[in-house]
Amino acid sequence: MQITLLRFALYADAAATAATGLLMAGAAGMLAQVTGIPAAFSLPVGLGLVAFAAFVGWVAWRAPTSRLLAMLVVGVNALWVVGSIIVLATGLFPLTLFGTAFVIVQAVAVGALALLQEAGLVAAGRRALA
């Protein structure tokens, strides 16, 4: 199976999302102390991220890559960035300095992956996708 830009970006997203999800779910209590993000929020969000990572990995693994499913991943990533901005702008949680950095770094990383996936979709548009 050829590793295209889109497939690479999806696999990278799956790996990063799984790592973040496992961290948020597995260390929710510790993260609450250092970030200000409540464990009651981190645990279910972390578990959701692990499930999303499995979905993204499946989308990346499929041959041929589904354009519609890849676009769905880009859309969910865009919503994550918007949600991160809302968390920062509204003071939803009593974030520490580290917590603010944690949210910003995640938003930037997810946004970068979404842009990379979009570039992969554009490049793949020149080829036939299912």
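Reply: A patch here is made of residues with over 30% relative accessible area and no salt bridge, with nonpolar side chains joined within 5 Å. The model is predicted. In it, I3, L5, F8, Y11, W58 and W61 make a nonpolar surface patch of about 640 Å².

Two helices, α1 (5-26) and α3 (39-61), each supply at least two residues of this patch. The most comes from α1, which gives three residues. The relative accessibility of I3 is 53%, and because exposed means over 50%, I3 counts as exposed.

Helix α1 also holds D13, a residue that is buried. D13 has no salt bridge, and the nearest side chain of opposite charge, R7, is 14 Å away. A salt bridge needs a side-chain nitrogen of Lys or Arg within 4 Å of a carboxyl oxygen of Asp or Glu. What D13 does have is a polar contact of 2.8 Å between its side chain and that of Q117. Leaving aside residues up to four places away in sequence, D13 touches V56, V73, N77, L113 and Q117.

The peptide bond that joins A63 and P64 is cis, with omega about 0°.

Technical notes
Residues are numbered from 1 along each chain as its sequence is written. This is a predicted model: local features need pLDDT of at least 70, side-chain atom pairs count only at pLDDT 80 or more; totals for chains, interfaces and linings use all residues. Side-chain values use heavy atoms; hydrogens and water are left out. Patches are made of residues with over 30% relative accessible area and no salt bridge: like charges are joined within 9 Å, nonpolar side chains (Val, Leu, Ile, Met, Phe, Trp, Tyr) within 5 Å. Accessible areas come from the Shrake-Rupley method with a 1.4 Å probe; for residues, only the protein chains shown count as cover. Helices (H or I, at least four residues) and strands (E, at least two) are DSSP runs, numbered from the N terminus. Buried means under 20% relative accessible area, exposed over 50%, partly exposed in between (1.4 Å probe, protein chains only). Lys and Arg count as positive and Asp and Glu as negative; His and the chain ends are not counted. A polar contact is a pair of N or O atoms within 3.5 Å; within protein, one must be able to donate a hydrogen and the other to accept it, and residues adjacent in sequence count only if both atoms are side-chain atoms. Contact means heavy atoms within 4.5 Å.
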